[in-house]
Amino acid sequence: MIGLGIESSCDETAIAIVKDGTKCLSNIISSQIEMHAPFHGVVPEIASRAHLEKINFVYEKALAEADCSLREIDYIAVTVKPGLLGSLMMGASFAKSLALVSGLPIVKIDHVEAHLYAPFLEVPRPSYPFLGLLLSGGNSALYLVKGLGELEVIADTMDDACGEAFDKVATSLGLEPAYPGGPVVEKKAKEYKNNENSPLFKPLLKGRNASEIAFSFSGIKTAVIYAHQKGFSVDRICHDFQATVFELIERNLKNASQRTGIKTIVAGGGVLANSSLQNRLAILAQRENIKLICPQNKILCTDNAAMVAVLGYFIYESLGKNSHTKIKELYALDFEVDSKR
Ligand code: KG4
């Protein structure tokens with residue numbers, strides 16, 4: 001079965017062709033980073049216009065690279081929530097046009113859930129339930145995943161999302177490019193070689209309840225601004241900022257695993273592209289006897305359409321011959337997009 005995935009919920013116009021939910025034949029991403037960088041964040045109007053301009057080109061490139069035609073596609077999967085309304089509408093309208101000319105079914109995809117299915121292009125799917133960790137520019141959340149479409153929130157974004165905190169730290173430290181800020185903060189953190197000093201932001205963690213599961217990063221972000229004003233070096237600030245943020249994430253995972261008794265964690269989202277985080281989580285997993293699954297290919301951590309096609313495959317495959325209503329829904333073209341989950 002060959003699926004065509006479409007992702008346009010934020011600032012990436014992406015289309016991928018995936019075979020049997022496991023083999024990526026093409027994964028084309030047109031990033032708008034350079035357009036949004038001067039504004040230190042995504043400008044919704046610019047994003048939707050850029051999707052409109054790029055989506056045809058991305059579609060043709062995805063088919064060409066996969067060496068396939070629309071006639072060979074079995075289903076279309078498109079992100080319909082959550083995200084920027086105008087951006088989501090571009091992808092959804094494109095999917096509807098393709099369905100109209102081809103008669104193909106459309107599987108409607110939740111972007112957050114799709115991130116948790118990206119690793120299954122690389123490893124076999126684990127059995128349910130598992131814990132799903134999402135760390136991106138818009139979300140820091142932990143879910144109890146009981147099955148397809150069954151995500152129960154354990155902890156959600158309280159203030160700044162994790163990736164957003166990286167972006168804001170990059171801006172406040174005057175780093176370039178400040179958007180997205182994660183890669184430059186990671187690079188600066190690596191340049192800090194002196195680990196003997198006591199970490200700058202560690203006291204912030206001491207004030208928190210050690211058994212809570214919560215994703216709040218705005219306090220650390222503010223502490224970064226003060227540390228910069230006091231004259232601490234940028235590489236040390238980046239190093240200690242990362243270390244404190246990652247310690248908080250580890251603590252949340254450990255607490256959630258202990259509380260639920262679940263020993264499988266699937267992680268996704270742009271922040272997982274950070275190698276220091278991946279290393280720390282791998283050590284935590286070993287220590288706590290947890291099976292940790294996260295994308296090894298960094299492209300699969302950030303927004304992409306392959307994850308949309310993979311989740312689309314699982315959903316499409318799960319619709320047994322008896323669920324006529326659900327199958328009928330796949331052919332309806334009057335669906336809407338939603339900015340929220
Ligand atoms: O998942 P994603 O591509 O888009 C959203 O759906 O938000 O995540 C983008 C976020 C940005 O905030 C970016 O700064 C962060 O992921 N990010 C990183 C790294 N690479 C990207 N954060 C920390 N370290 C990185 N290496």
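A pocket, as the word is used here, is an open set of grid points where a 1.4 Å probe fits, with protein on both sides within 12 Å along at least five of seven lines. A molecule sits in a pocket if more than half of its atoms lie within 2 Å of the pocket's grid points. The model discussed here is predicted. In this model the largest pocket is the space that the ligand takes up.

**The shell around the ligand**

Seen by domain, the shell takes at least three residues from domain 1 (2–117 + 301–329) and at least three from domain 2 (126–294).

How do the shell residues divide into nonpolar, polar and charged? Five are nonpolar, 12 are polar and four are charged. The residues around the ligand number 21, and those that come nearest are Gly137, Asp167, Gly182, Glu186 and Gly270.

| Residue | Protein atom | Ligand atom | Distance |
|---|---|---|---|
| Glycine 138 | backbone N or O | oxygen | 3.4 Å |
| Glycine 163 | backbone N or O | oxygen | 3.1 Å |
| Glutamate 186 | polar side-chain atom | nitrogen | 2.8 Å |

On its own the ligand has 550 Å² of accessible area, and the protein covers 90% of that area. Glutamate 186, which reaches a ligand nitrogen atom through its side chain, is also among the residues that come nearest to the ligand.

**Backbone features**

Proline 129 belongs to the loop between α4 and β6 (130–135).

A cis peptide bond also runs from glutamate 176 to proline 177, and its omega is near -5°. Here the proline, residue 177, is in the loop between α5 and α6.

Aspartate 67 has a phi near 55°, which is a positive value in a residue other than glycine. This aspartate is placed in the loop that connects α2 (44–66) and β4 (75–81).

Conventions:
Residues numbered from 1 in each chain as written. Predicted model: local features only at pLDDT ≥ 70, side-chain atom pairs only at ≥ 80, totals over all residues. Heavy atoms only, no water. Near = heavy atom within 4 Å. Polar contact = N/O pair within 3.5 Å; in protein donor to acceptor, adjacent residues only side chain to side chain. Areas by Shrake-Rupley, 256 points an atom, 1.4 Å probe, with all protein chains shown as cover. 1 Å grid on protein atoms, 1.4 Å probe; cavity = no way out; pocket = protein on both sides within 12 Å on 5 of 7 lines; lining within 4 Å. Nonpolar A, V, L, I, M, F, W, Y, C, P; charged D, E, K, R; others polar. Domains from an automatic or database assignment. Helix = DSSP H or I, 4+ residues; strand = E, 2+ residues; numbered from the N terminus.
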